[in-house]
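Thanks, everyone. Please have the structure open.

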Amino acid sequence: MGDRSYNIAVIPGDGIGPEVTEAAVAVLRATSLAFTLTHYDAGDDCLARTGVALPDVTLAGALRAQAVLFGAAGDSAADVILRLRSELGTYVNLRPTRAFEGAACLYPGTNITIVRENTEGLYCGIEDEITPDKVTATRVITRAASERIARFGFDYARANRLAKVTAVHKANVLRKTDGLFLDAVRRVAKEYPDIRYEEGLVDAVAMHLVMRPERFQVIVTTNLFGDILSDLAAGLIGGLGLCPSANLGDEHALFEPVHGTAPDIAGQGLANPTAAILCGVMLLRYLREPEAARRVEDALERTIAKGQTTPDLGGKLSTQQMAEAVITRM
Ligand code: ATP
């Protein structure tokens, strides 16, 4: 056991959020590192009970913690996760997607990381009603945020020995907004001569991802495109149950599965805890505990390879049983 204790805020949220978060927490505890894990309320249930989706005490706890482990938020997501990302200043949404041996998928060997800008684009919430029959949404792109996300993408590629970064855009139609985004990424690309740089139109990239995903390593893109392409990438490797994400800023980090509340399977022990456990792995790396991260990842890989999984991957285990199988292998 190390001599440090990590202060983690846990926000399970709604739907399958509590089930998969509990599994991830059990795995974190099994690393034998010292954690102070404080649970906080947020989401639809919280809104129904208390009248607020994100209580002040939850926000304060998230701001105080060294890192946040988040489950899922339902209809109140905009008031919960978008607000948390904004208050924590997490401008990067990092979504690594890789295939696991033993998990049936379209493309074994897929390993794509989507670096999604997290603060602006079409998700900045500026919508207007011009008339009852005409509404608008404003797509905000700034040079500063575009350069910042590009720099993160290239640094990530370099740190993880990934040879190529692809900027994904629609600058032929969105000339001003994606024109600026591309210009910013191109400038940053020049600072990284060791990394190959390519560009792709979002519609064409969607097709290439389905036909030849090995063309991509790191994708840097704007908010909405990143959201959609990461679900597409999840589909390539066996589903949303396998994909974690990290929201990263200069001061804070929040880790959440790419999946949402999955109401169709909530409360039945059917949810695959892999995405949430991989959030724990990303959290451990963020805390500079690479050995513990590797130990969890190895145990998870071996568990999946042995077919000890939830039904979405063809196994017979419940969420909790799969987490226990991982812990046994650690
Ligand atoms: P939300 O509106 O909260 O995003 P949703 O059901 O529309 O919820 P997701 O939660 O992202 O969207 O999931 C889509 C579907 O993928 C689910 O209905 C479920 O069948 C499947 N799914 C998602 N997460 C998991 C998981 N961890 N394990 C197994 N299946 C999952």
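Start at Thr261, where an N or O atom of the side chain is 2.7 Å from an oxygen atom of the ligand. That is a polar contact, meaning a pair of N or O atoms within 3.5 Å; within protein, one must be able to donate a hydrogen and the other to accept it, and residues adjacent in sequence count only if both atoms are side-chain atoms.

A word on the source: this is a predicted model, where local features need pLDDT of at least 70, side-chain atom pairs count only at pLDDT 80 or more, and totals for chains, interfaces and linings use all residues. Numbering runs from 1 along each chain as its sequence is written, and side-chain values use heavy atoms, with hydrogens and water left out.

A backbone N or O atom of Gly260 lies 2.9 Å from a ligand oxygen, and a polar backbone atom of Ala262 is 2.8 Å from a ligand oxygen. On its own the ligand has 600 Å² of accessible area, and the protein covers 64% of that (Shrake-Rupley method, 1.4 Å probe).

How many residues surround the ligand? There are 14, and the closest are Gly260, Thr261, Ala262, Asp264 and Asn272; the criterion is a heavy atom within 4 Å. The shell has seven nonpolar, five polar and two charged residues, with Gly counted as polar, Pro as nonpolar, and Asp, Glu, Lys and Arg as charged.

Next, the cores. A nonpolar core is a set of buried Ala, Val, Leu, Ile, Met, Phe, Trp, Tyr and Cys residues joined through side-chain atoms within 4.5 Å. Buried is under 20% relative accessible area, exposed over 50%, partly exposed in between, with a 1.4 Å probe and protein chains only. The largest core has 80 residues, of which Ile8, Phe35, Leu69 and Phe255 touch the most other members. Helix H9, residues 274-286, gives the most to this core, with eight residues; helices are DSSP runs of H or I, at least four residues, numbered from the N terminus. A second, separate core has 17 residues, including Ala9, Val80, Ile81 and Leu84.

Finally, the two residues. Thr21 lies in helix H1, residues 17-30, and counts as buried because its relative accessibility is 3%. Beyond four places in sequence, Thr21 touches Val10, Pro12, Leu69, Phe70, Gly71 and Ala276, contact being heavy atoms within 4.5 Å. Val205, in helix H7, is buried at 2% relative accessible area.

Technical notes
Helix = DSSP H or I, 4+ residues; strand = E, 2+ residues; numbered from the N terminus.
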